[in-house]
Structures are given as C-alpha cells and as structure tokens.
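Thanks for coming. I will go through one structure, starting with the aromatic rings and then moving to the packing.

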Amino acid sequence: MIILKMNDIAHNLAQVRDKISAAAAQCGRAPEEVTLLAVSKTKPVSAVEEAIAAGQRAFGENYVQEGVEKIRHFQQAGATGLQWHFIGPLQSNKSRLVAEHFDWCHTVDRLRIASRLSEQRPADMAPLNVLIQVNISDEDSKSGIPPEAVDELAAEVAALPGLVLRGLMAIPAPESEYVRQFAVAQRMAVAFGRLKAQYATVDTLSLGMSDDMEAAIAAGSTMVRIGTAIFGARDYTKQ
Ligand SMILES: *Cc1c(COP(=O)(O)O)cnc(C)c1O
C-alpha cells in the first residue's frame with residue numbers, strides 16, 4: 001500500500017493558496033491575478049525543493065549571497081522554470097550579483113542602483129524585471145521613495161536597456177486593523193494604476209504579506225510575498 005503524506009511545506013502552500021483564492025473571490029477577482037511569491041530567505045535548499053515539488057515556482061530572497069547560492073544550486077541541478085526575486089535592501093556593491101543571477105528586483109529606489117543593474121545585466125539574459133519600492137506609510141523607514149517621486153524614477157528606469165519596469169512594491173508599516181491596512185494598500189493601488197496607464201510593461205503590484213494579504217488583494221495587489229506561513233519560523237541564530 002502506498003501512503004501519501006503531504007509534507008508540512010506542501011500542506012502550508014495549499015493553505016496559503018486557498019487563502020489567496022478566498023481573498024480574491026471575496027472581492028470579485030480571479031485567483032490567477034495574484035501571484036504567490038514564496039519567501040525562502042534563511043531556509044535551506046531542501047525546503048525550496050519541497051516547495052518546488054508542491055508546484056511553487058517563484059521564490060523571494062533578501063540576502064544577495066544566500067540567494068545567489070540557491071540560484072546556482074538549482075541551475076546546476078538542471079531545474080528550469082524557476083523565478084528568483086530579490087526583495088531585500090540592495091547596496092551598490094552587491095548590484096552585480098543581483099544583475100547576473102536574479103530574474104526580478106523589487107527594491108529599486110534610486111537611479112544609481114537602477115543604472116548599475118542595467119549596465120551589469122549580462123547581454124545573454126533577458127532584461128531584469130524591476131519594481132520601484134515606495135515608502136507608503138512608514139516615515140521611519142529609509143527604504144523606498146515617496147509616492148510623489150515615482151513618476152521621475154519610473155521614467156529613468158524605463159529608459160534603461162537592461163531593465164524592464166514592471167511596477168511597484170511596498171512594505172507598509174505593520175497595522176492590525178483591516179480598514180487601515182486597506183487604506184494604505186489603496187494608496188499604493190492608485191500609484192500603481194497611474195503608472196500602468198503610462199507604461200505598457202507595468203503589470204505588477206508587489207504588496208501584501210501574511211498579516212495584510214486580504215486587504216492588499218482587495219486593493220489590487222498582483223503579488224503577495226509570504227514566508228513564515230509556508231516555510232515556518234526563521235532561525236536567525238544560524239546566520
Ligand atoms: C521576509 C519578507 C517577507 C515574508 O515575511 P513573512 O513574515 O515570513 O511572511 C515578505 N516581504 C519582504 C520584503 C520580506 O523581507
């Protein structure tokens with residue numbers, strides 16, 4: 001007799017996908033409009049393999065070196081169809097590794113970084129998909145640009161040959177009330193709608209994590225970034 005037992009990661013992924021579908025249905029959107037980005041930072045290759053076996057293809061990494069090691073591992077293993085998203089803060093001296101390995105970068109917040117990524121993108125790779133990070137609610141955060149500054153940076157990014165401007169990303173300040181989460185998400189959706197009207201390549205709003213996913217999807221997010229709910233709590237003591 002064959003006993004099929006879903007592992008934890010497959011089980012968690014199924015639950016997260018159900019949650020996304022329910023949130024989409026709730027506001028009359030199709031579940032396919034929302035991509036699940038599995039945030040695998042600090043997690044071993046074996047965890048990513050379990051997620052792949054359960055059908056997951058898009059992965060998010062925060063630390064350049066760690067992400068590059070995983071990307072190389074799966075390249076050497078001959079895995080195809082995977083998508084790697086860099087979602088951490090990016091320093092200039094690490095831009096080359098991102099440009100040479102990742103498919104997406106969610107955290108472009110200045111022309112200098114964008115120019116470097118474009119120059120360093122290898123000619124034999126497709127242009128790097130980029131999102132402009134917007135600081136939508138957190139005055140203390142140094143990451144992201146104010147919504148008013150999006151137009152100018154977007155025009156500069158769109159002109160760079162090694163990049164494709166795909167949209168916007170935000171990490172809103174934690175907020176427990178749905179109504180407040182939705183208000184912030186809607187401000188992002190407005191900025192996204194404006195950009196989409198100007199650039200044919202813009203189709204992605206990376207917004208929503210475990211605690212604010214429903215509000216983000218209701219406002220129009222097209223990509224939610226979920227880590228802990230899929231892979232379990234992170235252990236930073238091993239870093
Ligand atoms: C870590 C991280 C996530 C996922 O967070 P979880 O709480 O583990 O779901 C999403 N987005 C960004 C930018 C992150 O750094």
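Which residues form one aromatic cluster? They are Phe59, Phe74 and Trp84. Before the details, the basis: this is a predicted model, in which local features need pLDDT of at least 70 and side-chain atom pairs count only at pLDDT 80 or more, while totals for chains, interfaces and linings use all residues. Residues are numbered from 1 along each chain as its sequence is written, and side-chain values use heavy atoms, with hydrogens and water left out.

On pairs, a search of the whole structure gives 4 aromatic pairs. The rule is that rings of Phe, Tyr and Trp (its six-membered ring) pair if their centres lie within 6.5 Å; planes under 30 degrees apart count as stacked, over 60 as edge-to-face and the rest as tilted. Tyr178 and Phe182 make a stacked pair, at 6.1 Å centre to centre with 10 degrees between the planes. Both sit in helix H7 (residues 178–198), and because they are 4 residues apart there, about one helical turn separates them. Helices here are DSSP runs (H or I, at least four residues), as are strands (E, at least two), numbered from the N terminus. Tyr178 is partly exposed at 44% relative accessibility, and Phe182 is partly exposed at 23%. For the cut-offs, buried means under 20% relative accessible area, exposed over 50%, and partly exposed in between (1.4 Å probe, protein chains only).

Now the core. A nonpolar core is a set of buried Ala, Val, Leu, Ile, Met, Phe, Trp, Tyr and Cys residues joined through side-chain atoms within 4.5 Å. The largest has 64 residues, and the members that touch the most others are Phe59, Cys105, Leu117, Val157, Leu168 and Ile230. H7 gives the most to this core, 7 residues. There is also a second, separate core of 5 residues, including Leu37, Ala58, Ile87 and Met223.

Phe59, from the aromatic cluster, touches Leu37, Trp84 and Phe231, among others beyond four places in sequence. Contact means heavy atoms within 4.5 Å.

Next, a lysine. Is Lys70 buried or exposed? Lys70 is buried, at 4% relative accessibility, and lies in helix H3 (residues 64–76). Its side chain makes a polar contact of 2.7 Å with that of Glu66. That term covers a pair of N or O atoms within 3.5 Å; within protein, one must be able to donate a hydrogen and the other to accept it, and residues adjacent in sequence count only if both atoms are side-chain atoms. Beyond four places in sequence, the contacts of Lys70 include Lys41, Lys43, Glu61 and Trp84.

On cysteines, the structure holds 0 disulfides (cysteine sulfur pairs within 2.5 Å). Cys105 is buried at 0%, whereas Cys27 is partly exposed at 31%.

Last, Asp203, in the loop between H7 and strand S7 (204–206). Asp203 is partly exposed at 36% and, leaving out residues up to four places away in sequence, touches Arg166, Phe192 and Thr222. From Asp203 to Asp140 is 63 residues in sequence and 28 Å in space, C-alpha to C-alpha.
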